[in-house]
Amino acid sequence: MKRLVVVESPTKAQTIRAFLPSDGFQIEASMGHIRDLPASADEIPAEYEDEDWARLGVKVDDGFEPLYVVPSEKRDVVKELRQALRRADSLYIATDEDREGESIGWHLTKVLEPDVPVRRMVFHEITEEAIQRALDETRDIDEHLVEAQQTRRILDRLVGYSISPLLWRKIKPKLSAGRVQSVAVRLLVTREQERITFVPATYWDLKAQLRKGIGFEAEMTHLGGVRLAAGKDFDEDTGRLKDEVTEGEDVRLLDEETATALAERLPDQSWEIVDRKERTRTKSPGAPFITSTLQQEANRKLNLSSSRTMSIAQSLYENGHITYMRTDSTNLSDEAVKGARGSVAQRYGEEYLSDSVRQYSSSDSAQEAHEAIRPAGSEMKTKEELGLDGIQGALYDLIWKRTLATQMAEARLRYINVYFEADAGEEAARFRTSGKRIDFPGFFRAHVEGSDDPEAALKEQERPLPPLEVGETSVGEPSENGEQGFQVHSIEPLGHETKPPSRYTEATLVEMLEEEGIGRPSTYASIIGTIQNRGYVRKNGNSLVPTFTAFATNNLMEAQFDPLVDVNFTAEMEEVLDDIARGRKDPDPYLQDFYYGDDGVEARVEEGLDKIDGRDISEIAFPDQWGDHVVRVGKYGPYVEGPMNGTTVTASLPDDLAPGDTTRETLESILEEANRGDQVLGIHPEADLPVLLKSGPYGPYVQLGDDDQEGKPKRVSLPPEVEPDDVDFDLGLRIIDLPRELGTHPDTGNSITADIGRYGPYVKHQDTFASLKEDDDVLAVDLDRALELIRRKENRNKPERVVGKHPESEKPIEVWNGRYGPYVKHDGTNASLKDDQSIDALTMDEALDLLAEKGDKATKKARG
């Protein structure tokens, strides 16, 4: 009989199979959790349907015992695992080493009910040595880790399933609350509120272009011995200098007129170097990556979302290239340190090694994964040596460089500040130029690895200055070697406006969540995904922009559940979970108080249902910025309410309007547009009905006939880029007469038309609808352009490639290029290609692996 080893994913199983003999081991995948709390009413067993607690899936009156069910899509997996277990003499649980992995393993034992020995094997990298070591050093399942994960799951369920219905009733349907997601939303809303109330301030300074052999810049810092005002000196709420800063004594506030006059006068004055300061500084490498810092760095340098980063890292881990990617620990094993130091010495020389082994301390809350994210094994292979390219190679390269850098010498930098004074009449103007030189690159050398010219790449990080000494003066014409003095080429007055606080990006939000101890790094990717999917946040470039719905939801959460969205309370909750994981705390009393306490969730929900007025709680008002206009969130989304012509009117707000970019003028314009009334453009010459320009909740449109006529009048939205003021009778006729017939298709003889639909302008041939592009005009597009768009769309409705027939079903396995990238398709199952896979090179085995991961039944049967 064989030993049965169970992991989470087919990719991980396939990698481990390469290290264990097939005649002694059978490796299978559980496809993640095989059971969970009921996701819907349909999953609740019949015997519990009438219980009060059934909708929660937690027996709140019986020690908060969770009700676990095996979802329908996992029943085949459970059946196959049971069959495999009958042929095994022992069961090895080889799921991931964190709380989630421990919990998956615990559920496996509860569902499979093995009557053979059960052993827990733990490893943080998938290498032959690590797998063999894990087999030799098995342990029991850690009940404390399981209890901590289960408590987290129960808390999340109690918050989400108790508070979300209150949001549906008081604000709008389909909203959700979450133990960590609601805190993240509050952080984003608070930052946006700061942007709304921010008052900009203007200040001026000067920039000089100087030269001595090479060109360099200097900025004006003082006038008459008083420092020039900078952004830090202004109050964000008033736009004026802070109370503690006195104009004329502490700072000098230049206006445009003074700055311009100085810029014109100073180039012709005498300049002298009055001071020169030089300082050296050493810079140490950062700690090796943990989950959160990898997400931050990948977002900054590779523009990857947190979820995308974790998906790529998961693939790298499961293919044996890096260690486990969900970790709070910055520790490096002795094997990793030895490998990194050996690689540094070999690649760069002994002088680039740190004097001694460098280790980093982890936070007190670091969980069960005991090592940082690093290249697997001890050889520290580069991405080229592993054959990695594309985005997988780029992420691996970040990890490789960061790991090597931890064992490299500090960089030694030299900073030079040179100060100039120029005669400005009664007052002297002081300028400063700054330079930077790398005396010894140290760990910087690893960060330019892969550059065509590493030395040149290091030079680009420097800010060179020519030789400048105290006492030197400006000269009218530079000497050939530039040694007699420096030349003042030009001076430019620069106006500055203080900027509001920047919106969070995924990187900075992750950084803030970690800094405040909110949630755990392994959950950040899903949190950011959830708040976007629920309509609380949208992305604008890299920025996370909270919506008006987020504001309204946060109003309710702060008013009724303030502790739940309090940063300190949420961080303390994480500490409680850590204590449970370490066996120091019993979860039952904590859950009892959290749910049933005097200020517990149940009592607060009941009070909210009775007392909260949905209209009031969803009001968003900033009187100083928006005047008498308020924004509310209703059943159909956000709308503005405000005065117009002596009465109060309302109008829906565009989905892409950000609260922080909203002004009084914006709201007034939206109200005027929506409430301007119907405009009669003329009488249609054929229909003998009025052509009206109207405005509705989705924007302006042209209508044929009155609202009270028999039958629904024809309506057509205005084309993109057409404003209501542009619409005269002629244009209105052209719009209301849509669709336009452009001609016939040369292959079918059927007509091709152009029209405007729910999702914008398009051209149509039979059942093919092709959207017009930004430069196309629905009123002018011709037949040739329509054919081009239609053929392009029809080609997209065909697979890029057919890999072949499925070995079990004999149905085709196709590769398609979709909106979110290429994917393989078989009999209704779609599975995205991995980053290192291409449409043309995908093999049948690779396609079957992808389909198996997605739970394709025929593929599982073919694989036995």
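Predicted model: local features only at pLDDT ≥ 70, side-chain atom pairs only at ≥ 80, totals over all residues.

Student: Which residue of S2 is the bridge partner of Val 7?

Tutor: The partner of Val 7 is Ala 29.

Student: In what order do the strands of the open sheet lie?

Tutor: As a general idea, strands of a sheet pair through backbone hydrogen bonds, in either a parallel or an antiparallel manner. Here the pairing is parallel, and four strands make up the open sheet in the order S2-S1-S5-S6. Strand S2 (25-29) and strand S6 (118-120) are the edge strands, each pairing on one side only. On average, neighbouring strands of the sheet are turned by 25° against each other, with direction ignored.

Student: Which strands does helix H1 touch?

Tutor: Helix H1, residues 10-17, packs on the sheet and touches S1 and S2. The direction of H1 makes about 165° with that of S2.

Student: Let us turn to the aromatic rings. How is a pair of them described?

Tutor: Two quantities are used: the distance of the centres and the angle of the planes. In this model the count comes to 17 aromatic pairs. One of them joins Tyr 317 and Tyr 324, with 5.3 Å centre to centre and 65° between the planes, an edge-to-face arrangement.

Student: Are Tyr 317 and Tyr 324 buried or exposed?

Tutor: Tyr 317 has 0% relative accessibility and therefore counts as buried. Tyr 324 is also buried, because its relative accessible area is 1%.

Student: Why is the pair of Tyr 348 and Tyr 352 called tilted?

Tutor: The planes of the two rings stand at 55°, so the pair Tyr 348 and Tyr 352 is tilted; an edge-to-face label would need planes over 60 degrees apart. The ring centres of Tyr 348 and Tyr 352 are 6.0 Å apart. Tyr 348, at 10% relative accessibility, counts as buried, and Tyr 352 is buried with a relative accessible area of 12%.

Student: Which residues do ring pairs link into a cluster?

Tutor: The cluster consists of Phe 216, Trp 271, Phe 420, Phe 431 and Phe 486.

Student: Where does the charged end of Arg 191 sit, and where that of Lys 825?

Tutor: The charged end of Arg 191 lies over the ring of Tyr 504, 4.3 Å from the ring centre. For Lys 825, the charged end sits over the ring of Trp 816, 4.9 Å from its centre.

Notes:
Residues numbered from 1 in each chain as written. Heavy atoms only, no water. Pairing = 2+ DSSP bridges. Helix = DSSP H or I, 4+ residues; strand = E, 2+ residues; numbered from the N terminus. Axes fitted to C-alpha atoms, helices over the stretch in contact; angles between N-to-C directions. Contact = heavy atoms within 4.5 Å. Phe/Tyr/Trp six-rings, centres within 6.5 Å; stacked < 30°, edge-to-face > 60°. Buried < 20%, exposed > 50% of the residue type's maximum accessible area, 1.4 Å probe, protein only. Lys NZ or Arg CZ within 6 Å of the ring centre and 35° of its normal.
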